[in-house]
Amino acid sequence: MADRKIRILLAKPGLDGHDRGARVLARTFRDAGFEVIYTGCHQTPEQIVGAAIQEDVDMVGLSCLSGAHRYLFPAVAQQLQEQGAADITVVGGGIIPEQDMQPLYDAGLKALFTPGATLDSIVDWINENIKPRV
Amino acid sequence: MFTEELLDKSSTMRKKWEDEVKKTVAKHADQKEKWTTVSDLEIKRLYGPEDIKNMDFEKDIGYPGQYPYLRGNQVTGYRGKYWTFRMFAGMGSAEETNNRWHYLLNSGQTGLSTAFDFPTLMGYDTDSPKARGECGKCGVAIDTIDDFFALIKGIPLANITTSMTINPPATALWAMYCAAAEIQGIPLTQIGGTIQNDMLKEFIAQKTLMCPPEPSVKLISDTVEFGTKYVPRWNTISISGYHIREAGATAVQELAFTLRDGMEYVEDVIKRKGLHVDEFAPRLSFFFNSHIDFFEEIAKLRAARRIWAKAMRERYGSTDERSWWMRFHTQTAGCSLTAQQPYNNVIRTATEALAAVLGGTQSLHTNSLDEVLCLPSDHAVQIALRTQQIIAEETGVINTIDPLAGSYFVEALTNEMEEKAWDYIHKIDDMGGMVKAIEKGFPQMEISDAAYKYQRQIDSGEKVMIGINKYNTDEDVEIPFLEIDDSVEKEQIDRLNAVRRKRDSRKVRECLDDIRTACKKGENVMPYCIEAVKSYCSVQEICDVYREVYGEYRDPGMY
């Protein structure tokens, strides 16, 4: 059997509609050879967690530019743990002030990508840190 | 535009210059091969008479206040009146936003502009499970007219114009404004302002979504009809390119999709409401982005006026010149700013604001240097407002009207933008209009292509953003950071519950039933919304009726 590709769920939690970054990343991940599922805007943490488990992804990428990341990102990480899917890596991106970062890492996020992160640097991080599950 | 003799002479001189260029480039190569705008439109080394020789002075240029309004709507330009200094503001609770409004008015601002938080923008109350964590973050939270009274405290509604950036729940929020005016004894004929109320660009770009495109346009036509009949000083739509551009569109795409959206609304009101174009078109307003590429933006704004004038006269048979005027607000480009070295944003914003003014804007918001990171602080907002005041009162750029007219380059670029925009407009016509084009995902995917290409150009260094891919520093600049405390959410929920306990719940049900019936019968919802908000129906209660009757639209997540 051929190697499984890295499967990524890209999601926009909350009511924020700023999806430019998420959509550019969806294309980037596709071009990088990952399998991408993009949820579109306005997903609840429950919907995101449900989709991540159902689609059997290796990583969930969350994008939020509204300031609601402080509630939404930990909610996704926590619900994944509660549902026995703690092996799915959660990363986030958006306008995330410095002082919000440590609490998000503490909540279980593995990486945060903020303005200025290049597309290639994000792809490199995934290739180094995410292994497709067998 | 020019005599044959002049063109011959220019052609001879041009050949000589081109020979010199070849020789020079052979010795000192240009810094790069291709020179393009931020939208990747290629620009020539030099423009001359031959580039605009086919222009017809009377038909294509003309005079200010005269068709085709290339040189502006106002006969006297900015000498009679500056553009409106209108800073977009809203955060936290209604009281906090009201304080910011008074601060801005005291600093010389001349119009108000409201930013709502995401739950309000999407038609949810603060206590909705979907609203968790969002209250007051990106704007002010408004659930019922009780919040609205706090928002407008001490604001003279009869004398100041207020813009509200509200889209799916526009009927509910405008109803609050109208109801508040009536309660204060100000006739609806006296109040003035704008509701953004442009859903087509939401599907295309901004994604504050509620119902599918078709009923969304119906609700918009209701407001246009109501405004035409009862609130004649109100701009019932602000047809917006701003968000389209921020989503990654090129200048031409912003221009084309925005104007085609405008045409869609015009066509719907004519068809659905049976109004004559000249009854309502004078109150249509527009909203553009001013990005970093100086001349491209000026050309875009000048082209926009000319396209709209032509479309109104030739496409819709309008005979009232007030319908031909494209009146627009401009905001400098949020997406051009950088979190790195944030003080550089002041220079970017000043350049963009200058382009907006030279493009003839009627109203302007200048972004604050910290807006890339957070809601702007008082100090940052003041610098942004002062930027406008310096342009208006110190630089002298407004001494003469449309000073760039007749420039070979600016006129040629204006023509090019117009031609390329019409190509898009005709393509969308062929698809059956903008609603159909959106259903096919056409504008969405065009923008995705442009956004992706641009990001790749930034990453490769082909396009420069200082502080991102050139002249980077490791220095961490600390700027004062305005943060909305999470306690705002709890306080707002308490306030909403207090209103719910006090109001007459039977009256609330009746009002919502009336809106439901109006929706089902295809009647205008506005009078029922005004009654509903007076009875303290909440934004979500009204929007839930729309979702129930018209269905809910979900972002298909195209990329």
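Predicted model: local features only at pLDDT ≥ 70, side-chain atom pairs only at ≥ 80, totals over all residues.
Confidence comes first. The predictor assigns the complex an ipTM of 0.94 together with a pTM of 0.96. For chain B, the average pLDDT is 96, and 100% of the residues reach a score of at least 70.

Strand E1 (residues 7-11) and E2(A) run parallel and are joined by four bridges. One pairing to look for is that of A:Ile8, whose bridge partner in E2(A) is A:Val36.

After H2(A) comes A:Asp56, which has a positive phi, near 55°.

Chain B contains an open sheet of nine strands with parallel pairing, in the order E5-E4-E3-E2-E1-E9-E8-E7-E6. At its edges are strand E5 (234-235) and strand E6 (237-240) of chain B, each of which pairs on one side only. Within this chain, strand E8 (residues 327-332) and E9(B) pair in the parallel sense over three bridges. Here B:Gln331 stands opposite B:His365, a residue of E9(B).

Several loops of chain B hold buried residues. B:Phe116 sits in the loop between strand E2 (111-115) and H4 of chain B. B:Phe116 counts as buried because 25 C-beta neighbours lie inside 10 Å, and 20 or more are enough for that label. Leaving aside residues up to four places away in sequence, the residues that B:Phe116 touches include B:Gly90, B:Leu121, B:Val140 and B:Ile166. By contrast, B:Asn415 is 299 residues from B:Phe116 along the chain, and their C-alpha atoms are separated by 37 Å.

B:Leu369 belongs to the loop between strand E9 (363-365) and helix H15 (378-393) of chain B. With 23 C-beta neighbours inside 10 Å, B:Leu369 is counted as buried too. Its contacts, not counting residues up to four places away in sequence, are B:Pro342, B:Tyr343, B:Asn345, B:Val346, B:Ala380 and B:Ile383. B:Gly334 lies 35 residues from B:Leu369 in sequence, with a C-alpha to C-alpha distance of 9.6 Å.

B:Pro68 is placed in the loop between helix H2 (57-61) and strand E1 (84-89) of chain B. B:Tyr69 is in the loop between H2 and E1 of chain B, and its phi is positive, about 60°, although B:Tyr69 is not a glycine. B:Tyr69 is buried, since 24 other C-beta atoms are within 10 Å. B:Asn197, which is not a glycine either, has a positive phi of about 50°. The loop that holds B:Asn197 runs between strand E4 (193-195) and helix H7 (200-206) of chain B. With 28 other C-beta atoms within 10 Å, B:Asn197 is buried.

Finally, the two chains meet. Chain A brings 29 residues to the contact and chain B brings 34. On the side of chain B that touches chain A, the elements giving two or more residues are helix H4 (118-122) and helix H18 (442-460) of chain B. H18(B) gives the most to this side, with five residues. Sorted by class, this side of chain B has 17 nonpolar, nine polar and eight charged residues.

How values were computed: Residues numbered from 1 in each chain as written. Chains lettered and ligands numbered in written order. Pairing = 2+ DSSP bridges. Contact = placed C-beta atoms within 7 Å. Nonpolar A, V, L, I, M, F, W, Y, C, P; charged D, E, K, R; others polar. pLDDT = per-residue confidence, 0-100. Buried ≥ 20, exposed ≤ 12 C-beta atoms within 10 Å, placed from the backbone.
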